[in-house]
Amino acid sequence: MVVSKLTYEECRRQRLEENKKRMEELNLNKLASALKPSPNKSSPAKARVPRQPVSPSSAPVRRSIRVASLPSPNYKDVPIEPLVRPRRSYQKRDLLNRVYASDEVRQYAIDRAEELLSGLDSKYPSFTKPMLQSHVTGGFWLGLPVQFCKTHLPDHDETITLIDEDGNESSTKFLADKPGLSGGWRGFSIDHELVDGDALVFQLIKPTEFKVFVIRAYKSENKEEGNEDLDASHLNRSSKRVRASTR
């Protein structure tokens, strides 16, 4: 072990001497000393000039050549006027004095709606919907049969048009997740003076259009007792209502 260590030290010393001779031959020692900075000479430090604050009004505005000829923009906050959407005004219904239809009156309207439904063209999907207080007052939400909606109506929110017997159209918002009619149904209900106990027949004449027949729970006073005609004259919403049980 000692012999190998001495041999290594001798080899290392020999290489150092050879490198030193090469450096002297190439004058590398003189070049290295010439590049070293003189300890007595030091570069003077530059005087630090404090930065002067610049006024925003005096500073030049850097603008693109394309907009240099245009007037300067105004970045002041300008209040935006709220959008005014036209809304239909409806007379509020007296929710404290709501009249609830009796079971007899309600069943009368349902039977006549089923009668009307059986006479419609079967190629158009149809269903009946008895009216409750939540459909015609307060919340104005109309839930539709789930299976009917899954089979015949879109699987996403869509605008559904309701067409009454006179051809008047009303746009409503169909919610696929519920499913049922929300926005627009309130206006249809008030315009057609629907009350608790009435029954509606919905006939899908187009993918997003319903023909709606209104069956009144309270029949017209000037109708003859034996007249069971289901003509549109019986569905006149402006006629005076009396209980069906008095017919």
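In strand 7, K211 is the bridge partner of I163. Two strands are said to pair if DSSP finds at least two bridges between them. Strands of a sheet pair through backbone hydrogen bonds, in either a parallel or an antiparallel manner. The model is predicted, and local features need pLDDT of at least 70, side-chain atom pairs count only at pLDDT 80 or more, and totals for chains, interfaces and linings use all residues. Residues are numbered from 1 along each chain as its sequence is written, and side-chain values use heavy atoms, with hydrogens and water left out.

The protein chain has 6 helices and 9 strands. Helices (H or I, at least four residues) and strands (E, at least two) are DSSP runs, numbered from the N terminus. An open sheet is built from 7 strands in the order 1-6-7-3-4-5-2, and its pairing is mixed. Strand 1 (126-130) and strand 2 (142-143) stand at the edges with a single partner strand each, so one side of each has no neighbour in the sheet.

Strand 3 also pairs with strand 4, here in the antiparallel sense and over 6 bridges. Within this pairing, T159 has K173 of strand 4 as its bridge partner. The hairpin of strand 3 and strand 4 has 5 residues between the strands, and G167 takes a positive phi near 90 degrees in it. Strand 4 (residues 169-175) is in turn joined to strand 5 (residues 180-181) by 2 bridges, and these strands run antiparallel. There, L175 has G180 in strand 5 as its bridge partner.

T161 lies in strand 3 (residues 158-163). Its relative accessible area is 14%, so T161 is buried; buried means under 20% relative accessible area, exposed over 50%, and partly exposed in between (1.4 Å probe, protein chains only). Leaving aside neighbours within four places in sequence, T161 is in contact with E169, S170, S171, T208, E209 and F210, where contact means heavy atoms within 4.5 Å. T161 and T208 are 47 residues apart along the chain, yet their C-alpha atoms are separated by 6.3 Å. For the protein chain as a whole, 60% of the contacts between residues at least 6 apart in sequence join residues at least 24 apart.

The nonpolar interior comes next. A nonpolar core is a set of buried Ala, Val, Leu, Ile, Met, Phe, Trp, Tyr and Cys residues joined through side-chain atoms within 4.5 Å. The largest such core has 23 residues, of which L162, W185 and F210 touch the most other members. Helix 5 (146-152), strand 3, helix 6 (185-191), strand 6 (199-206) and strand 7 (209-215) are the elements that give two or more residues to this core. A second, separate core has 12 residues, including A101, A199, F213 and I215. Beyond residues up to four places away in sequence, W185 touches several others, among them M131, F140, L162 and L200.

Aromatic rings form a further pattern, with 6 aromatic pairs in the structure. Rings of Phe, Tyr and Trp (its six-membered ring) pair if their centres lie within 6.5 Å; planes under 30 degrees apart count as stacked, over 60 as edge-to-face and the rest as tilted. The rings of F127 and F210 have centres 5.9 Å apart and planes at 90 degrees, so this pair is edge-to-face. The pair links distant parts of the chain, since F127 is in strand 1 and F210 in strand 7, 83 residues apart. Both F127 and F210 are buried. By contrast, W185 and F188 are stacked, at 5.4 Å centre to centre and 25 degrees between the planes. W185 and F188 both lie in helix 6, 3 residues apart, about one turn of the helix. Ring pairs also link F127, F148, F202 and F210 into a cluster.

Finally, the cysteines and the surface may be considered. A search of the whole structure finds 0 disulfides, a disulfide being a pair of cysteine sulfur atoms within 2.5 Å. C11 is partly exposed, at 38% relative accessible area, whereas C149 counts as buried at 5% relative accessibility. Buried residues make up 28% of the 247 residues in the protein chain.
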